[in-house]
Protein chains: 2
Amino acid sequence: MSRIRLAIDASGGDYAPDEITAGAILGARQYPIELTLVGQSEQIEACLSRHAVDGLAIDIVDAPETIELDEDPVLAVRKKKDASIVVCCELVHEDRAEAVISMGHAGAGLAAALFTLGRLPGVDRPGLIVPYLGFRDTYLIDAGANTEVLPQNMLQFAIMGSLYVERVIGITNPLIGLLSNGSAPNTGNAIGQQVYALLQVSGLNFIGNVEGFALPQSAANVIVTDGFTGDIALKLGEGLVTELLKQAEETAPNNESVAALVDRLQEQHIYARSGAAPVLGINGLIFIGHSRSKAPAVAGAIGNAIRAVEGGLLNALRDGLKAA
Amino acid sequence: MSRIRLAIDASGGDYAPDEITAGAILGARQYPIELTLVGQSEQIEACLSRHAVDGLAIDIVDAPETIELDEDPVLAVRKKKDASIVVCCELVHEDRAEAVISMGHAGAGLAAALFTLGRLPGVDRPGLIVPYLGFRDTYLIDAGANTEVLPQNMLQFAIMGSLYVERVIGITNPLIGLLSNGSAPNTGNAIGQQVYALLQVSGLNFIGNVEGFALPQSAANVIVTDGFTGDIALKLGEGLVTELLKQAEETAPNNESVAALVDRLQEQHIYARSGAAPVLGINGLIFIGHSRSKAPAVAGAIGNAIRAVEGGLLNALRDGLKAA
């Protein structure tokens, strides 16, 4: 069996290229894989030279351009053929890699994936699925890729999310909840009520409407929403954890027990978005992580990508969508 | 000047009637007011008999019926004329009280207010404004009264919210933010983009779109959203604070510093929704508090109601809406 090959966006993220390179090396030591680091090659070489990399299958593809946060991602992706995220997607498109991992700009990642790899058959709107802030076995889809959706799109988020957490995360027969403003079947906005009806006959393990409490309480494994609400839920949660832990430190300064507690909760709930989240519905595997990801998160994302390749996620999604 | 008269729903809330009665007494000791406790009169009398109430202007109006959580609030309010929340609203309607305070079922409170008092001129959709989980000077409207809204409704939420925090909370020239999935002007869903355009020319101190982070970070004083998103943002935040503090206690059991910290953060962020939040846009003043409110929260709500009456909130809302 040939080794799995992954393309890593070495220029994406707040700690690129140092932490991305270090994370790639961690991953290459842990798994029998081939990695291609994509970005400014001189910088990547300098990073690699500071580590012991003998025997690791890591090569470099030069991609000198970068996409800035204030650029329109769609325009930028079309114009900058040598941007690292575009080159990463090209490597998958040309079958020179089996998945992309990027800690860079999520909008640019999505645009590059759509532009280069396209969508799975029948998918209008790929969705971003994220582990919800490290709360146990709780995934949110769509976490921000699509501001406006149709009921059919949200049904597909549920189907794809269910397959992902089953195949890649290993949760058997995952519970699917629809995020709503009440738990009764007749709650929800107009689109939510249509999605509810679709989910009831979907064959998924649908537990009904779930309220905002459900995300931190892990009341379902896959919590389905539109990307507008999902983006707000994700950023609100992240801001709230951050603010609460900041207040904890300010309330009890110089207290070792509290400092240790804060570190632990921060590790679990803020940096746990590490690893990386796949965009589901793209005709290829792409994982996008938190821009603040450091080396262990990159290694975690490599683990996720490997499980997705080995679990046959893309074919499972194709089949699952066809059957729906 | 005659004293302000308030109607208190003594049967509403998880700790009714004991804590509601105790809170009313606290309020009556603190402020020169007249209070009417509305509910099952024998129970209320028994509660009152356990306190020193000499010299306090507290009377009782019997209202033997209660509305259960699983009842349809609109149907229940029409059927149960002797429910405490309905009688409270009647007292305001008949000018026998200037405001209602209830810690009971929010849906029933809204339904009773709409049915008995009606709406302010020009208002299609009253909105619930809540202090966001005790984060400094941050109010969310609509926190759950309206699942579906039109742009004009959300503009009115902003106008009414701005007047409320200025007149009652005392924040001068409050910052108004529109909850969105990005901070740029062109983010947001279709309705949000229309609301953005209305807010820009509203004369309000509109700071633009704000993301989920804005709620815990207090980036605006009034954060405007629809009641679907607002309900999710509120319950998500409450669930997250609760869960995080539970994990803090579990991570460091029997640690006094951590226990004290948890108590303090719980007090600030969970019970701080106490006081009570007004439904803005009703042709009368009604404050609805958290069902878990205890006596100090009831006293806080009395303070809010007094400031609303003294600040001329209802007339300010009438004028502000007319000018828009």
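Mentor: Terms first: helices (H or I, at least four residues) and strands (E, at least two) are DSSP runs, numbered from the N terminus. On that count, chain A has 12 helices and 11 strands. This is a predicted model: local features need pLDDT of at least 70, side-chain atom pairs count only at pLDDT 80 or more, and totals for chains, interfaces and linings use all residues. Residues are numbered from 1 along each chain as its sequence is written, and chains are lettered from A and ligands numbered from 1 in the order in which they are written.

Trainee: How many residues of chain A are buried, as a percentage?
Mentor: 57% of the 324. Buried means 20 or more other C-beta atoms, placed from the backbone, within 10 Å of the residue's own.

Trainee: Switching to chain B. What is the strand order in the sheet?
Mentor: β3-β2-β1-β4-β11-β10-β5-β6-β9-β7-β8, an open sheet with mixed pairing. Two strands pair if DSSP finds at least two bridges between them.

Trainee: Which strands stand at the edges?
Mentor: β3 (57–62) and β8 (206–210) of chain B. Each has a single partner strand, so one side of each lacks a neighbour in the sheet.

Trainee: And how is β7 joined to β8 there?
Mentor: By 4 bridges, and the two strands of chain B run parallel. L179(B) has V210(B) in β8(B) as its bridge partner.

Conventions:
Buried ≥ 20, exposed ≤ 12 C-beta atoms within 10 Å, placed from the backbone.
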